[in-house]
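Colleague: Could you walk me through this one? I have not looked at it before.

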Amino acid sequence: MRSPRRLRAGLVWLALTALVGLCFSAAVLAATPQEWKLVVPEGKVFVQHFELSPRVADLNGKTIGLYWNGKPNGDELLERTAELLAQKYPQAKFVEMWKTNPATKTYYLFQQKDFKSIIKPYDLVISSVCD
Amino acid sequence: MRSTVEIEKAGIPTVALTTTEFVSLAKAAAQANGMGDLPFVVVPHPVGGLKEAEVRAKIDPVIDEIIYAATQYKGQKASADQSAEYYPAPRITVTGTVEDVNELLYRNGWTDGLPIIPPTEERVQYLLTGTDRSPSDIIGIVPPRMGVATVETVAAVAAMAGCEPAYMPVIIAALEAMLDPAHNWQALTTTTNPTAPLVVVNGPIVKQLGIGYGQGCLAGGPGLKANVAIGRAINLIGDIIGGSKPPDPDKSTHGQTANVIAMVFGENEDANPWQQPLSVDRGFARDANTVSVFPAEIPTNINDHESESAADFLKIVANTMAVMGNNNAYIWDTDVMLILSPEHAAMIAKDGWTKDDVRRYLYEFARIPYYVGERKYKTWYNVEGRIPRWAVPPSADSLMPIINNWKDIQIVVAGGSGKHSIYVSSFAAKSRMVTKEIRLPANWNDLVKTLKP
């Protein structure tokens, strides 16, 4: 009859062998090429397409809104743009929107209740969306 | 960018000035809002932080482009909507090892670089057992890519992140919170600010799912699988479905690691000495399961082993909160968050202070001298919704608060033993913490039993 000590040692040996075998099989399985059918996780893009508004053929006689979202120095870009355009289109009128209506100095102009009436006077809007 | 798009949609032609570093983000934003043809004129980056003459000189070389965009640009003829079917998600078949699958997904921009569990049909089906919602249900449109998040695609991402089916209700509720317009996910996910989601879970679900709320609840490790797996799923949804990956269109200057695994933790409601958890502050019943998603900047430690009273401790907290470099310091219309350790919370409550007492005190004493932030205050002056009436006209020594309203200091008790609390400032720009109730499926009790202790 086997001693309990030898029996325990035998069982431990068997368990270790099984464990090593299991690890080896798992490693082989992971390393073995197989076919995977995967669900593409990114989802389709929700897109609506809007057409551009018609351009303004001649800026003379037109009112051009300069829209600044508030990022530092964007106002300087717009002021210089107006200066240079005024040289080519002396009859154009330029409105620095943030000066006539400080509430327009925001990223979120479109969320304002009177958004449509704010932009209505303009034939063209030049915006600064720089960082 | 969105405002320029909406002006164009209203029938007024526009020309948008942007910089070399931000033109791809601007174009993506225009595309996502249906105006992929919007004309841009690009000047060299940067514009901010330069002298006036340097900025103005950037316009001269591009003035003819501005004129062309204003007078002649035509764009391309708009095409029809091609995105009629959002479910089922496409399938791909791959032959290879687990490593090959990981590499394929990584190369397609569908992982964050850490290993994932392949989102096989079987695995995704298994995750779907965690919700009663149909896999075809649309949870929302995830910015900035405007990817359609169906329950199925969310389950696929959750599977990749190593989630269990029982985590699905938390992930869906967190996603609903982030999609709430009050959270302003579009801006959070494209800004140069190193923002990341911070998600507080309240209610019995915290213990049912094993969401860490005690020692090391913002770390990973044994017993914290739910925190990190849910956190990773939330960020992968933004990265994969929302397409927000650096360097474009995620423009975060540095980013932060919580933008890989979002900060997810439960409130330690047992250790809340006021017995008034965040969910109750937000108007929910004491036993409601909720998620609150906060638009976090990088959190700041509050180390205080020395204070023996609420007044002493809160002076240190107020000092920690008064930081001019945080967005909320000058864009006041937002929340900030204080995560109190149980020991600090107990010390405050022992002195008889309520949560509102703490809020009022911090509002009064977490202040910044006007002269420190003068340039910022002036830049943002008179911007609608930002400048409080009390702030005009300040003197150089005026002490400026860091938010508009004392009620917007959100207080949570979390963590284990130790005398460290955390202050979390806010991205702030039209961005708020949003709380949503977690809806449990009918098989909830069975689901919870599948979780390993």
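Modeller: Here is a short tour, starting with how the model should be read.

Modeller: This is a predicted model, in which local features need pLDDT of at least 70 and side-chain atom pairs count only at pLDDT 80 or more, while totals for chains, interfaces and linings use all residues. Residues are numbered from 1 along each chain as its sequence is written, chains are lettered from A and ligands numbered from 1 in the order in which they are written, and side-chain values use heavy atoms, with hydrogens and water left out.

Colleague: How many helices and strands does chain A have?

Modeller: Chain A has four helices and four strands, where helices (H or I, at least four residues) and strands (E, at least two) are DSSP runs numbered from the N terminus. Read from the N terminus, its elements follow the order α-β-β-α-β-α-α-β.

Colleague: And how much of chain A is buried?

Modeller: Of its 131 residues, 44% count as buried, meaning under 20% relative accessible area, with exposed being over 50% and partly exposed in between (1.4 Å probe, protein chains only).

Colleague: Which strands make up the open sheet of five?

Modeller: The order is E3(A)-E2(A)-E4(A)-E1(B)-E2(B), with parallel pairing; two strands pair if DSSP finds at least two bridges between them. At the edges are E3 (93-96) of chain A and E2 (40-43) of chain B, each of which pairs on one side only. Neighbouring strands are turned by 20 degrees against each other on average, direction ignored, with axes being lines fitted to C-alpha atoms, for helices over the stretch in contact, and angles running from 0 to 180 degrees between N-to-C directions.

Colleague: What joins E4 of chain A to E1 of chain B?

Modeller: Four bridges do, between residues 124-128 of chain A and residues 14-19 of chain B, and the two strands run parallel. Within E1(B), B:Ala16 is the bridge partner of A:Ser127.

Colleague: Which strands does helix H1 of chain B lie across?

Modeller: H1 (residues 2-9) lies across E2 (63-68) and E4 of chain A together with E1 of chain B, running at about 165 degrees to E1(B). Helix H4 (residues 63-71) of chain B lies across E4 of chain A together with E1 and E2 of chain B, at about 145 degrees to E1(B).

Colleague: How many residues are in contact between the two chains?

Modeller: On chain B there are 102 residues in contact with 68 residues of chain A, contact meaning heavy atoms within 4.5 Å. The chains bury about 7500 Å² between them, 62% of it on carbon and sulfur atoms, where buried area is the accessible area (1.4 Å probe) that two parts lose on being put together, summed over both. B:Pro13, B:Leu17 and B:Arg56 supply 8% of the area that chain B buries against chain A, more than any other three residues.

Colleague: Changing topic, is strand E10 of chain B covered or exposed?

Modeller: E10 (residues 336-340) is mostly covered, as five of its five residues are buried. B:Val336, B:Leu338 and B:Leu340 lie on one side, with B:Met337 and B:Ile339 on the other.

Colleague: What does E10 of chain B pair with?

Modeller: Five bridges join E10(B) to E13 (residues 409-413) of chain B in parallel, with B:Ile339 opposite B:Val412. E10(B) also pairs with E14 (residues 420-424) of chain B in the antiparallel sense over three bridges, and there B:Leu338 stands opposite B:Tyr423.
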